[in-house]
Amino acid sequence: MLFLLLPLLAVLPGGGNADGLKEPVSFHVIRIASFYNHSWKRNLISGYLGDLQTHTSDRNCNTIICLWPWSRGNFSNEEWKELEMLFHIRCDRFLEEMHRYSRELQFEYPFEIQWTGGCELHSGKFSGSFLRLAYQGSDFMSFQNNSWLPSPVAGNIAKRLCKVLNQNQHENDITHSLLSDTCPRFLLGLLDAGKAHLQRQVKPEAWLSRGLSPGPGRLQLVCHVSGFYPKPVWVMWMRGEQEQQGTQRGDILPSADGTWYLRATLEVAAGEAADLSCRVKHSSLEGQDIILYWEHHSSMGLIILAVIVPLLLLIGLALWFRKRCFR
């Protein structure tokens, strides 16, 4: 069925290479279609190169929106227009077909369909592809070995839909070709066009702060690390050269400029914080780790406090004298 094909993967042949990118890297498309009733629906589509979002679409699926100058890969303007036309047609068909199947398969409004599909390269070679569909947030079916298979937990509705889809082997062959041939070639072209951006090194910035008190006589120490690229980073609270196993790392979060942010926290007794430090390792630092000492942070806080308090007192006295003089 055409509505299940990957519109962003139906691209013209791309080229290029992945020199220098030795770790597994994937291109995948996430689609979320919400059906509130027979006429009211919402459709969200996003394309990702690894963790980096590279594409989105407008609400009506008329346009593929490139989020980076290199998101077209090596495509010409004519090729990209052809891709957008194909994307729009298949997007519309997807919505129409889902409304039709909602009656046949007894989907009850409102309902939501999510799917993700793409491919992965390792050392510049194709290492696998995937296409999975979920209904109401639960696994529903997947595409494997040139056919659709129902999820073991999906029930009879998934079995019925897979049976219908597998009757059209021609469409399954197209899906298989998109995943195993077109997607890897598109991914290689994307890596080649975005090489300068993807292989850049951006040094992190780091600073310390005090978090919410975890209890009487205890401190939460917070180490913030921001603005780094690529994503892999090592952050740990240390006592001398000893790693503090109580270090809690948050999720690595994206920033608007394509870099990353992370915070690492440690809870300690107030009297045990003096000789602790936060150490940051990142490829952009070339072995020159960032080390921030909590004792220096605390001392700086006392210095700032020592400056601000007298300054506030002087301002208060000046205002008081001014008020007395103008009575």
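Residues are numbered from 1 along each chain as its sequence is written, and side-chain values use heavy atoms, with hydrogens and water left out. Because the model is predicted, local features need pLDDT of at least 70 and side-chain atom pairs count only at pLDDT 80 or more, whereas totals for chains, interfaces and linings use all residues.

Helices (H or I, at least four residues) and strands (E, at least two) are DSSP runs, numbered from the N terminus; two strands are taken to pair if DSSP finds at least two bridges between them. Helix α1 spans residues 77-104 and comprises 28 residues. From its first C-alpha to its last it reaches 41 Å, close to the 40 Å expected at 1.5 Å a residue, the expected span being 1.5 Å times one less than the number of residues. The buried residues of α1 (under 20% relative accessible area, with over 50% exposed and partly exposed in between; 1.4 Å probe, protein chains only) include W80, F87, R90, F94 and Y101. Q106, which follows α1, has a positive phi near 60°.

Strand β15 (residues 260-269) is largely enclosed by the rest of the structure, because 8 of its 10 residues are buried. It pairs in the antiparallel sense with β10 (residues 218-228) over 10 bridges, and S226 has Y261 of β15 as its bridge partner. The hairpin of β14 and β15 has 5 residues between the strands, and in it G258 takes a positive phi near 90°.

A separate description applies to the open sheet of 4 strands, ordered β12-β11-β16-β17 with antiparallel pairing. Its edge strands, β12 (242-243) and β17 (290-293), each pair on one side only. Strands β11 (residues 234-239) and β16 (residues 276-281) are joined by 6 bridges, and W237 stands opposite C278 in β16.

The second largest pocket holds about 210 Å³ of space. On a 1 Å grid over the protein atoms alone, a pocket is an open set of points where a 1.4 Å probe fits, with protein on both sides within 12 Å along at least five of seven lines; lining residues have an atom within 4 Å of a point. Its lining consists of 14 residues, with D51, L52, Q53, P254 and S255 nearest the centre. Domain 1 (25-199) and domain 2 (205-296) both contribute to this lining, so the pocket lies between them; the domain bounds come from an automatic or database domain assignment.

Conventions
Points joined across faces, edges and corners; volume = space filled by probe spheres on them.
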